[in-house]
Amino acid sequence: MDTIIELIDVHKSFNTKQVLRGLNLKILRGESMVVVGGSGSGKSVLMKIVIGLLKPDMGKVIVEGEEINKLSGRNLNNFRKKFGMLFQGGALFDSLSVWENVGFALLEHTDLSKEEIRAKASEKLDMVGLQGIEDLMPSELSGGMKKRVALARAIAMEPDILLYDEPTTGLDPIMADVINELILHMKKSLNISSLTITHDMKSAYKIADRMAMLFEGRIIQVGIPEKLQITSNPIVYQFITGSARGPITDKNYQR
Amino acid sequence: MKIKEKLTSTDQKGKRSILEDIGRFFYTFLSEAGEIFILLCQAFFWLFRAPLKWKITLKQMGEVGVNSVPVTLITATFTGMVLALQSYIGFKRFNAETMVGTVVALSMVRELGPVLTGLIVAGRAGSEMAAELGTMKVTEQIDALYTLAVDPIHYLIVPRILAGIIMLPVLTILADFIGIAGGYLLSIKVLKANPVIYMRRTFDHMELSDIYIGLLKSSCFGLIISTVGCHKGLSTEGGAEGVGKATTGAVVLSSMLILISDYILTALLF
């Protein structure tokens, strides 16, 4: 399998705060990579760098052989069509109805008629298990529905890569599992490579082909979920077992 | 000894922090001015780089223009009436009551029409832009636009700036007319002025350039209101509190810039 996304020695800091300090990560074509890490470990920053919303201070981000941090303006915009991103809060446009949200990229980038786009939007909504809500506004939806509509929007342009930003955060356990199932379904049916960031270990084990742990701005371990479970690294062990005592919390006290 | 050391060190800290504050103030002022300028340049380039979003522009024109009509009407009516009343009281002292019409018309068209409309719209539409874009920013909708390969400058900012530039003069024409009408009605009905003489005084001394200058000024105010509103919205950070700050900031900054640029423009266009 070839590499679809590669991050090489990525550094990023905000003012004086160093967030990423030499991050290296490879994501293979067709795999589901899950990056886990504590709050404030730089997971969201990692994701924003991959899609070019933030520029790294140092290092390279290579997506399908192209260096994304060297692109700008229109090229970067076009490059982003390869991606679909599911935001933590859904980030649906409140001023547009559900079908306009799902069909947004199609409305903007294609010459299809409104009826065709509406039909396509319904088809994508059907894929995430939602029917008959095309004309509702985002404010009328529940949290789980919003996430699913956002997922439908992310796959509307049939991207090669999907980015999931904490897909299960803020959902009840059943809805969280529905989302997990959907992520697996997307991978199988559309053959999409994906990068997920989460701190929900249950979800991570379920959807990951490989997992990586982000700590203090670096990836400290990468491997299949089974391998991470029998890790000898005390930091990874503390995180995946969810214990309050261990090297991570000790470090916090030292700060 | 130790206490003394502590004291001197806090002293130094205190001094440094004043200088720091001054420096920080100029730093934020300059960087904000720069950001607004860059936003304006980007909007200008997008205006020619891609076809205009007509539907959104028309919607924003409604938002800025049509929805501001009631407040503009009320403001202009009362301003015209109070102008007539005040200048009547003044002119009566040297028997020049007939000049009231001239003063009301010139003040409305050259100064009060554009400026008061600008201030009212800054409070109504400028704050709305900052609040709406600010909420979109903190809920990641702006980032979502980028990920869907749509540039927020093209999709959100250009329509709003255009709406400001186009609709402010329209509202100003309305305010000019209603203000003059308000002054006329008050003079005729309450102060018992002669309608024919009043009308003649109103239009005899007015030149077309008075109206042009007023409209040109109002167009500049429209640019200020929408650019500042958009800038404050897009630079929002930190949840609901940030949106509140952005909204207040937009109204305060655009109101100040309107008053300052009003003086500069009037001096230049004399």
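In chain A of this predicted model, A:Leu86 has A:Tyr164 of strand β7(A) as its bridge partner. Strands β6(A) and β7 (residues 161–165) of chain A pair in the parallel sense over four bridges. Two strands are taken to pair if DSSP finds at least two bridges between them; helices (H or I, at least four residues) and strands (E, at least two) are DSSP runs, numbered from the N terminus. Strands of a sheet pair through backbone hydrogen bonds, either parallel or antiparallel.

The β6–β7 pair belongs to an open sheet of six strands in chain A, ordered β6-β7-β8-β3-β9-β10, with mixed pairing. Its edges are β6 (83–86) and β10 (218–223) of chain A, each of which pairs on one side only. On average, neighbouring strands of this sheet are turned by 20° against each other, direction ignored. Helix α10 (residues 234–241) of chain A packs on the sheet and touches β3 (32–36), β9 (210–215) and β10 of chain A, its direction making about 110° with that of β9(A). Contact here means heavy atoms within 4.5 Å. Axes are lines fitted to C-alpha atoms, for helices over the stretch in contact, and angles run from 0 to 180 degrees between N-to-C directions.

The whole structure holds five cavities of 30 Å³ or more. A cavity is a set of points, on a 1 Å grid over the protein atoms alone, where a 1.4 Å probe fits but cannot get out; lining residues have an atom within 4 Å of a point. Grid points are joined across faces, edges and corners, and a volume is the space filled by probe spheres set on the points.

| Cavity | Volume | Lining by class |
|---|---|---|
| Largest | about 100 Å³ | seven nonpolar, two polar, three charged residues |

Around the second largest cavity, α3 (69–92) and α4 (100–138) of chain B each supply at least two lining residues, and α4(B) gives the most, with five. Among the residues of this lining are B:Thr72, B:Met108 and B:Ala175.

Residues are numbered from 1 along each chain as its sequence is written, and chains are lettered from A and ligands numbered from 1 in the order in which they are written. Local features need pLDDT of at least 70, side-chain atom pairs count only at pLDDT 80 or more, and totals for chains, interfaces and linings use all residues, while side-chain values use heavy atoms, with hydrogens and water left out.

Methods:
1 Å grid on protein atoms, 1.4 Å probe; cavity = no way out; pocket = protein on both sides within 12 Å on 5 of 7 lines; lining within 4 Å. Nonpolar A, V, L, I, M, F, W, Y, C, P; charged D, E, K, R; others polar.
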